[in-house]
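Colleague: I'm new to reading models like this one. Could you take me through a close look at a single part, and say how that part sits in the whole?

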Amino acid sequence: IKLYQEDLARQERQEKDARLLYEAGISDNIDYKRADIAIKNTQSAIYQARENYQMRIARLKEASGMAPEMPVALDYDLEAIHGMVHIDTTAALSYERRVEAKILQQEEALQASELAFARRAYMPTLSAFYNYNIIFQSLEGNEIFNRTYPNSLAGFRLSLPIFQGGRRSYEIRAANFGLMQFESRKEALNLEIYREYKEALGTYKANYYQWEMQEEVKVVAEEIYNTVSLQYEEGIKNFLEVIQAETDLSTSRINAVNALFRLMTSKLELQRARGEVLTENL
């Protein structure tokens, strides 16, 4: 919206200059009519951008669980964002930093505990017990709760499993097989992480190059527009070249912002692939 508003301000100046030149008899009315067409197109683009802004604000509220009536104020600093696009692309990939690898390690530790528990099924169990009872006895009914005969029993119990039909051996083999499966799962996960890392790294480098190129194109487009605008005021260039230069400038500015957005998105994806941040649905 702000970019379109800046375009509109330039186009209004162009329309004013073209009308003054027409009134002075230097140019015909085609120039300021073309400028008026450009102004109307930009006003239409601003209206559409504002409607898209409201729709995306509604989507943001839905994603964040905000109430519809809650106000949202967005702000940004392009200079600060430009300083945040850089990331060390030479850093080594650490598979253990990914949350998937940490979860797999925890599952493997649980499976190892299952195997150790299954192996302990062959061991005898030793337990201690202690019982204490109070018996109320009396030949007279009204004295039955006045005479007690306590007794107690303490001892140890040793249980030795002898035969269970091979159930313990089967549980040990099953637990061991489950533990062996984690090796193949770790290999598959490492391959997946490496593939995601290489894809994210390549995308980041490509977007970084595109962003640099678009920034250079934007600077050149601004120089061309300023030069052509001055030449038109001097009567050297026609107004059609001014319109073309202004269109190129507007397109280059929008392309630079879009390239910056893609670069920041690819940076987050690279950080996620290296296990530095957690993101979803990028």
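What share of the 282 residues in the chain is buried? And what about helix α6, how far apart are its end C-alpha atoms?

Modeller: Keep in mind that this is a predicted model. Let's begin with your first question: 26% of the 282 residues are buried. Now for the overall outline. The C-alpha trace spans about 135 × 55 × 30 Å along its principal axes. The radius of gyration is 39 Å, whereas a compact globule with 282 residues would come out near 19 Å.

Now zoom in on α6, which covers residues 239-273. The expected span is 1.5 Å times one less than the number of residues. After α6 comes Gly275, which has a positive phi, near 80°.

Back to the whole chain for a moment. Of the contacts with a separation of 6 or more, 74% are between residues 24 or more positions apart. The accessible surface is about 19900 Å², and carbon and sulfur atoms account for 55% of that surface. As for charges, the chain has 34 positive and 42 negative ones, and their mean positions lie 9 Å apart.

How values were computed: Residues numbered from 1 in each chain as written. Predicted model: local features only at pLDDT ≥ 70, side-chain atom pairs only at ≥ 80, totals over all residues. Heavy atoms only, no water. Rg over C-alpha atoms; globule rule 2.2 N^0.38 Å. Buried < 20%, exposed > 50% of the residue type's maximum accessible area, 1.4 Å probe, protein only. Contact = heavy atoms within 4.5 Å. Areas by Shrake-Rupley, 256 points an atom, 1.4 Å probe, with all protein chains shown as cover. Lys, Arg positive; Asp, Glu negative; His and termini not counted. Charge placed at Lys NZ, Arg CZ, Asp CG, Glu CD. Helix = DSSP H or I, 4+ residues; strand = E, 2+ residues; numbered from the N terminus.
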